[in-house]
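Hi,

Here is the structure I promised to pass on. Have a look at it first, and my notes on what turned up follow below.

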Amino acid sequence: MKIPATLRILGKQWEIEEVDEIHDAFGLCHKPKLKIQIEKDLKESLKLDIIIHEVMHAIDWSMNTKITEEQNTALATGLTAVFIDNPKFVEMLWKATKTSC
């Protein structure tokens, strides 16, 4: 899976970096630096889950929603499962981004 070098999250440009190892985690969201780090040698489905998890941290920080780590994990894993299990839904989202720009 090719990960983009940057993501635009609520008007801010976040750097996405794949790293060899992160101590005690698979991903990190560095809020002050606007940087997300993901371990590079993860299975694709886990990598997708971790990216969504870290993006949700960035959203949480930007919108000050104060969700817990457990809530973030559950929501990220749930969204990952929805995306993997429903490719036509993902295709619909992709098409919607093309027509709304």
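**What I found**

Asn-64 counts as exposed, with a relative accessibility of 52%. Keep in mind that this is a predicted model. You'll find Asn-64 in the loop between α1 (44–63) and α2 (69–85). For context, most residues other than glycine have a negative phi.

Leu-10 is another case of this kind. Its phi is near 50 degrees, again a positive value in a residue other than glycine. Leu-10 sits in a loop too, the one between β1 (6–9) and β2 (12–19). Is Leu-10 buried or exposed? Leu-10 has a relative accessible area of 52%, so it is exposed, the cut-off being over 50%.

The other thing to look at is on the surface. Val-82, Phe-89, Val-90, Met-92 and Leu-93 make up a nonpolar patch there, and together they have about 380 Å² of accessible area. Which helix gives the most to this nonpolar patch? That would be α3 (residues 87–100), with 4 residues.

Leu-93 is one of the patch residues, and it is found in helix α3. Its relative accessible area is 34%, so Leu-93 is only partly exposed.

Cheers

Terms used
Residues are numbered from 1 along each chain as its sequence is written. This is a predicted model: local features need pLDDT of at least 70, side-chain atom pairs count only at pLDDT 80 or more; totals for chains, interfaces and linings use all residues. Side-chain values use heavy atoms; hydrogens and water are left out. Patches are made of residues with over 30% relative accessible area and no salt bridge: like charges are joined within 9 Å, nonpolar side chains (Val, Leu, Ile, Met, Phe, Trp, Tyr) within 5 Å. Accessible areas come from the Shrake-Rupley method with a 1.4 Å probe; for residues, only the protein chains shown count as cover. A salt bridge is a side-chain nitrogen of Lys or Arg within 4 Å of a carboxyl oxygen of Asp or Glu. Helices (H or I, at least four residues) and strands (E, at least two) are DSSP runs, numbered from the N terminus. Buried means under 20% relative accessible area, exposed over 50%, partly exposed in between (1.4 Å probe, protein chains only).
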